[in-house]
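These are my notebook entries from a first walk through a new structure. Come along and look things up with me.

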Amino acid sequence: MGHHHAPPGLPDTLGAEPGRPEFFAHTHGGAPQRPPERTRLHLNGVLLPDGASVDLWVVDGLIRTEPVADAVTVCRGAWLLPGLVDAHCHVGLGADGAVPAEVAETQARTDRDAGTLLIRDAGSPVDTRWIDERGDLPRIIRAGRHIARPKRYLRNYAEEVEPDELVAEVARQAVRGDGWVKLVGDWIDREHGDLAPLWPQDVAAAAIAKAHELGVRVTAHCFGEESVQQLVAAGIDGIEHGTGLDAATIAAMAARQVALVPTMVNLENFPSFAAAGEAKFPAYAAHMRSLHARRFETIGAAVDAGVPVFAGTDAGGQVGHGLIAAEVGLLAKVGGIDFALGAASWRAREWLGASRLVDGASADLVVFDADPRRDPGVLASPSLVMLRGAAVAGTLVHG
Ligand SMILES: [Zn+2]
């Protein structure tokens, strides 16, 4: 963005048919840059979740709700969402484990360009702290590195410890993260040929208590029934995937408001996980297919019971980045579109301590030229992605 923008009121090539949102391009060529200190912008549109038509101004990267003189209008009649959240994402992780910094940067940029401006990183083998210094990349709330047992998770992903070391490892990862620790709760046990919990329940309870003593929340990867039942009973704060939830555990999660990030996009891969294990582990394969077959009922029951459910794609490892719109589309099948949008925006932001678009908040927002409540597909093509007040992506950003 620069001072050589078109005069205010001069529409760009998107045109301005009557009744259609109008957009005014202010970015021309080159890589997106932070705006000059005194750039003052104005946005008009329907602000979600409230649904009221509002005017917002952006000054020095912050939202202002009182009119600002000499502001340049960016859009009129658009739809405005607080920046999207991917609540289960891995930056710095590839199919074989750690990836170089430039690949991690591409992952973060791909998420950003899809409108994801806040990431809850659910475990990364590399230190991505340098991203915090980059104003053009999404904010990240980290969970350190996954904690698993030797040969009980994907190779090269996790810090691998035996149960007697779990409490100490949780304390180590608590320091690496930003308020979360991530356990692998269950994985295939090759001796039994099926999913099984990694941790004895009393050990998991001691690890969770240690984390809480350190002021850190704990979440866990759980595909099957046993691990999620045990870990919720042990006082855990979050569950990832949760395909093995039963009615009693759902009720316990709702009562204690234990978060669930089902990663619907990744659950679609269960049949391929089953096929890969079929020859050696037929019971595991059948179990995965069964969990997959009832995934919408299981996650839907959690939504209906009032479990706080958030959108996470599980990008990194096996799943591509930038798929938050697909996750919202699948969540909408179980909770409706308003629920799914909230799970990927305002509700998730509130859960993670990020603000809505109130006066003084960082201008982290996504602009659409149609109503995403009417068509979740709209979410896949933001007109503008604004991070810290800078236009970083979208069809309006020519770069
Ligand atoms: Zn994951």
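Which residues of helix H4 (residues 225-233) are buried? I looked them up, bearing in mind that this is a predicted model, and found Ser227, Val228, Gln230, Leu231 and Val232.

**Entry: around H4**

Next I checked what covers those buried residues of H4. The cover includes two helices, H3 (201-213) and H5 (247-256). It also includes the strands S14 (186-189), S15 (194-197), S16 (217-222) and S17 (238-241). Following the chain past the end of H4, I came to Gly235, which has a positive phi, near 95°.

**Entry: H4 against H5**

I wanted to see how H4 sits on one of its covering helices, H5. Two packed helices are described by the angle between their axes and the distance between the axes. For H4 and H5, I noted an angle of about 35° and axes 10 Å apart. The crossing of H4 past H5 is left-handed. On the H4 side I listed Val228, Gln229 and Val232, and they meet Thr249, Ala252 and Met253 of H5. Sorting the residues of this contact gave me four nonpolar, two polar and no charged.

**Entry: H9 against H10**

I then turned to another helix pair, H9 (residues 295-305) and H10 (residues 324-335). At what angle do their axes cross? I read off roughly 70°, with the axes coming within 8 Å. The two helices are therefore roughly perpendicular to each other. H9 passes H10 in a right-handed crossing. From H9, the contact uses Phe296, Ile299, Gly300 and Val303, while H10 brings Lys333, Val334 and Gly335. I sorted the residues here too, and got four nonpolar, two polar and one charged.

**Entry: a three-stranded sheet**

Which order do the strands take in the open sheet of three? I wrote down S6-S9-S10, with parallel pairing. Strands S6 (84-89) and S10 (139-142) are the edges, each pairing on one side only. From one strand to the next, the twist averages 20°. Helix H1 (residues 101-113) lies across S6 and S9, and its direction makes an angle of about 130° with S9.

**Entry: S2 and its partners**

S2 (residues 40-47) gave me two pairings to record. With S3 (residues 52-59), S2 runs antiparallel, and eight bridges join the two. There I found Leu41 opposite Val58 of S3. Four residues lie between the strands in this hairpin, and Gly51 takes a positive phi near 85°. With S5 (residues 72-82), S2 runs parallel, joined by six bridges. In this pairing Val46 stands opposite Trp79 of S5.

**Entry: Leu396**

My last stop was Leu396, in the segment after strand S21 (390-393). Is Leu396 buried or exposed? I counted 21 other C-beta atoms within 10 Å, so Leu396 is buried, as 20 or more are needed for that. I also looked back along the chain to Val385, which is 11 residues from Leu396, and found their C-alpha atoms separated by 9.0 Å.

Key. Residues numbered from 1 in each chain as written. Predicted model: local features only at pLDDT ≥ 70, side-chain atom pairs only at ≥ 80, totals over all residues. Buried ≥ 20, exposed ≤ 12 C-beta atoms within 10 Å, placed from the backbone. Contact = placed C-beta atoms within 7 Å. Axes fitted to C-alpha atoms, helices over the stretch in contact; angles between N-to-C directions. Parallel < 35°, antiparallel > 145°, perpendicular 65-115°, else oblique. Left-handed = near helix turned anticlockwise from the far one by under 90°. Nonpolar A, V, L, I, M, F, W, Y, C, P; charged D, E, K, R; others polar. Pairing = 2+ DSSP bridges.
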